[in-house]
Amino acid sequence: MTRYLESLFSHKLFLAIPVAVAVLAAAAYVIIQPPAYQSTAKLWVNWSGGTQTAADAQVASINQLLATKSFDVQVAQSGPLAKYLDSTGGGVTGVRSLIAALSKGGHTSSGPASADTIFSYLSARVTSVAVGPQIVSVTVTGPTPQIAQGTASALLNQLRAYEIAARHDPQAAQLTYYQGQLKLESAALTADLGAVQQYLAAHPGLVANSTLANNDSQYALLTHQAAIAGQTYDQLLTTVNQIENQIAPGQAQQSDPFTITDSPNRPSTQSRFGKKEVLGLAAGLLAGLVVSLLLLATLVRLDATIHDLDEVLSRLDLEPAGSIPLVRMP
Amino acid sequence: MSLPIHRPAPKVPQAARVERTTRQAIAQPPAPVLDGCRLALQKIGFPGAPSLGIASSIRGEGRSTVAVASALVLADYGVRTVLMELDFQNPSLASQMGIPSHPGLGEFLQGSASWHEVLYPVSDEFFVLPAGTLKLSHPRALLEVSNRDLLGVLRGRGCSIVADLPPLLGTGIGAQAASLFPDILLVVRAGMVSSATVKEAVSSLPTPPRVLLNGVSSSVPDWARRLAGL
């Protein structure tokens, strides 16, 4: 341990070189990255998150949707991102674009961006964080302020549409079911009422003589069936009306999954030190430290010099007379 | 018995004469160096031992500074001490002590200068014998020192001798010079010379030397020591 520390502080400048080089390389990598602008929106989540907080559930929902290519493609196509990716061949700009162009003989590829390209682009540039029990912050990084803001808006619109659809689809299925039931019950009621009419036509005396009608068991059975069919029909109609009311546009506003409290802003300054850049610098620092530690271990291993009086005896097998602080030749 | 030390002889240059008469204060090694050398000399048997050669494996290990410090320590004990330059290839004592580089041992061996002229007083008990200008080969000069028993002559006049020897490796005469002295203090610069080099140097000596480690001061700052629990 002492030997390592001695070597570390004796060669501190030498050992600092790998760290400095690695950090500088990481900084250079950060600098050659294309310009980045961040647009941030804040949402108030209206839905309950079950065991999670509403904000955590919303963040999980956003991350799940971003992990699907179909969602990402819809976000890109409903905003300015798809056009940008089409024109730049996948969002490679700046120095990296120049390098790519040189490696391809001066031609950069352009054309419709694939779903994979959109997916990888968006997944690296959208972050959502729960900043409170019901507040979620969504940040989108883009190459221009317009694209960052437009993509953030498109993301929120698509998110809302997906979540509303996901909530309303079961109700629509219910409505279809009950409407079918209502139709069947309507037909049954019509048939029952028709049967009563036919019976009365066949027995005209029942119309004039109510006592006779009350004593006619067949007539009583037919009218009872018609009454039950009528009640069932009324119940189904009420249910259908309720479901239709829930799905109505007025109800949709009430069941909005979230409210945008802060709309996506249009950034005015570049964001140089985002998560990716900080991670890049940290990785550079870590790599430099690892190299320095390896160098230190090598220095200690290769160091066959004498450092203290104990080593005079153990390594040289000579008797030490003493020691003095470092003096150099004049 | 006293040394034949007199005021400047006619052959001594005017500038040197001024230095010798005024006995300018020399730049002393730092107190920790003097203390370290004092302890080392006590361990070896000084004051009392007649002569000591200060050696090192290679150049740049602090040998000359240790030689000066050792001589100063002995003089401080009241021992009449002669600091002798035997590193003929790269003599540094004269400039270090602020005395003329010649006449010195070379002129004495040729018979062109006397003891009076080549022993430069630094204090009442401390004299310096510079290498001077050698017209003999270095091995031959050392042989002359041995044959004429110059060390014995000085010892016979009540002097202890501290010699700044040539490095044991790379000069060709290190071992020969060291063989003139019964006690050798080997200066080893900490963190500079490999143990294999030191062993090679020691193997050229007839008896194992004592080792004075130069530069044991740690480069680890106090806060790092505390942090590491050292």
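In this model, 45 residues of chain B are in contact (heavy atoms within 4.5 Å) with 28 residues of chain A. The model is predicted: local features need pLDDT of at least 70, side-chain atom pairs count only at pLDDT 80 or more, and totals for chains, interfaces and linings use all residues. Residues are numbered from 1 along each chain as its sequence is written, chains are lettered from A in the order in which they are written, and side-chain values use heavy atoms, with hydrogens and water left out.

**Interface between chains A and B**

- About 3,100 Å² is buried between chain B and chain A, and carbon and sulfur atoms give 68% of that area; buried area is the accessible area (1.4 Å probe) that two parts lose on being put together, summed over both.
- One salt bridge is counted between the two chains, the term meaning a side-chain nitrogen of Lys or Arg within 4 Å of a carboxyl oxygen of Asp or Glu.
- A salt bridge joins the side chains of A:Glu319 and B:Arg210, at 3.8 Å from N to O.

**The sheet**

Helices (H or I, at least four residues) and strands (E, at least two) are DSSP runs, numbered from the N terminus.

- Eight strands form an open sheet with mixed pairing, in the order β5(A)-β7(B)-β6(B)-β1(B)-β5(B)-β2(B)-β4(B)-β3(B); two strands pair if DSSP finds at least two bridges between them.
- At the edges are β5 (320-324) of chain A and β3 (120-123) of chain B, each pairing on one side only.
- From one strand to the next, the twist averages 25°; axes are lines fitted to C-alpha atoms, for helices over the stretch in contact, and angles run from 0 to 180 degrees between N-to-C directions.
- Strands β1 (residues 51-56) and β5 (residues 160-164) of chain B pair in the parallel sense over four bridges, and B:Gly53 has B:Ala163 in β5(B) as its bridge partner.

**Helices on the sheet**

- Helix α14 (residues 309-316) of chain A lies across β5 of chain A and β7 (210-214) of chain B, at about 140° to β5(A).
- Helix α3 (residues 63-76) of chain B packs on the sheet, touching strands including β5 of chain A and β1 of chain B, and its direction makes about 165° with that of β5(B).

- B:Glu144 lies in helix α7 (residues 138-147) of chain B and counts as buried at 15% relative accessibility.
- Leaving aside neighbours within four places in sequence, B:Glu144 is in contact with B:Leu109 and B:Leu136.

Terms used:
Buried < 20%, exposed > 50% of the residue type's maximum accessible area, 1.4 Å probe, protein only.
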